[in-house]
Amino acid sequence: MTWLMYLVLGAFAGTLAGLFGVGGGLIIVPVLIFSFKLQGIGGDLVAHMAVGTSLATIMFTSLSAIHTHHGRKAIDWRLAAMLSAGIVVGAWLGGYTADKMSGLQLQRVIGLFAWLMAAQMMFNLMPSGSGRLPGKPVQAAVGGVIGWASGIFGIGGGSLTVPFLSWCAVPMQRAVAVSAVCGFPIALVGALSYVVHGLQHQGLPAEAWGYVYLPALIGISLASMPFARFGAILAHRLSAVALKRAFAVFLLLVGAKFLLFPG
């Protein structure tokens with residue numbers, strides 16, 4: 001049943017990654033926290049394990065989404081490279097920052113972020129921008145902030161990258177495609193950070209590599225890759241307003257659990 005749960009979770013996360021450019025972490029992290037608690041593993045570090053494992057799975061999800069978006073010639077590789085220059089630094093620092101938090105603090109931070117993302121999705125709060133991208137140093141600095149926050153929350157950065165690019169008047173399909181590319185360095189460097197910082201902690205399960213729980217990584221990744229391609233195809237064909245609002249309700253419930261009843 002545990003493996004089946006991870007496969008189903010991977011299918012949902014992969015579809016969301018391709019459809020919204022959110023990397024799947026917004027659903028992987030809370031479900032993994034609940035799962036680890038039910039299994040009685042991780043102790044006070046369940047949130048850290050959930051975030052580290054989420055980032056590791058997003059490496060595979062993002063590769064599948066990148067392949068699909070590249071096939072549709074939707075990726076601005078120069079823009080993705082400039083953002084990624086800052087992302088690699090920020091993602092490592094995000095793992096370091098999370099390691100310094102207690103499990104309770106990390107859950108509450110994740111809960112607050114879930115509420116903010118729920119509001120953004122529910123009301124489609126996309127900033128209207130200046131009509132142009134800032135200079136390359138500013139792009140790299142913004143990438144650093146996105147990478148840092150994503151490293152803490154265990155996400156691929158799409159929920160931050162897409163609004164920024166929208167503010168810069170980048171067309172939505174192009175913004176989602178660039179976000180998919182940026183999700184890979186966020187996930188790779190962030191996951192490595194969680195591995196390195198997690199190795200110093202005692203009491204983690206034998207199947208964990210630092211903060212990355214290998215059974216969950218394998219199960220989620222096997223299902224997420226094909227479904228990420230499916231989600232990316234849907235992103236070019238469907239209006240996702242109703243689905244986004246339903247997902248917003250899910251995030252509201254997740255935020256309430258972590259902020260009001262974090263134990």
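Q: Where is Leu-38 found, and what makes this residue exposed?
A: Leu-38 is found in helix α2, residues 25–39, where a helix is a DSSP run of H or I with at least four residues, a strand is a run of E with at least two, and numbering starts from the N terminus. Its relative accessible area is 79%, and the scale calls a residue buried under 20%, exposed over 50% and partly exposed in between, with a 1.4 Å probe and protein chains only; Leu-38 is therefore exposed. The C-alpha atoms of Leu-38 and Leu-7, 31 residues apart along the chain, are separated by 17 Å.

Q: What kind of model is this, and which residues and atoms count?
A: This is a predicted model, in which local features need pLDDT of at least 70 and side-chain atom pairs count only at pLDDT 80 or more, while totals for chains, interfaces and linings use all residues. Residues are numbered from 1 along each chain as its sequence is written, and side-chain values use heavy atoms, with hydrogens and water left out.

Q: Why are α4 and α8 called roughly parallel?
A: Helix α4 (residues 77–99) and helix α8 (residues 172–198) pack at an angle of about 30 degrees, with their axes 8 Å apart. The axes are lines fitted to C-alpha atoms, for helices over the stretch in contact, and the angle between N-to-C directions can run from 0 to 180 degrees. Angles under 35 degrees count as roughly parallel, over 145 as roughly antiparallel, 65 to 115 as roughly perpendicular and the rest as oblique, and α4 and α8 are therefore roughly parallel to each other.

Q: What makes Asp-76 and Arg-174 a salt bridge?
A: The closest N and O atoms of Asp-76 and Arg-174 are 2.3 Å apart, and a salt bridge is a side-chain nitrogen of Lys or Arg within 4 Å of a carboxyl oxygen of Asp or Glu. The structure holds one salt bridge. This pair links distant parts of the chain, since Asp-76 lies in the loop between α3 (46–71) and α4 and Arg-174 in helix α8, 98 residues apart. Asp-76, at 22% relative accessible area, is partly exposed, and Arg-174, at 28%, also counts as partly exposed.

Q: Why is Cys-168 in no disulfide?
A: The cysteine sulfur nearest to that of Cys-168 belongs to Cys-182 and is 12 Å away, whereas a disulfide is a pair of cysteine sulfur atoms within 2.5 Å. A search of the whole structure finds zero disulfides. Cys-168 is buried, with a relative accessible area of 2%, and Cys-182, at 0%, counts as buried. Cys-182 has its place in helix α8, and its C-alpha atom is separated by 9.7 Å from that of Ala-85, 97 residues apart along the chain.

Q: What makes helix α7 mostly covered?
A: Helix α7 (residues 158–167) has eight of its 10 residues buried, including Pro-163, Phe-164 and Leu-165.

Q: Why does Ser-221 count as buried?
A: Ser-221, which is found in helix α9 (residues 214–235), has 8% relative accessibility and therefore counts as buried. Ser-221 and Thr-61 are 160 residues apart in sequence and 7.0 Å apart in space, C-alpha to C-alpha.
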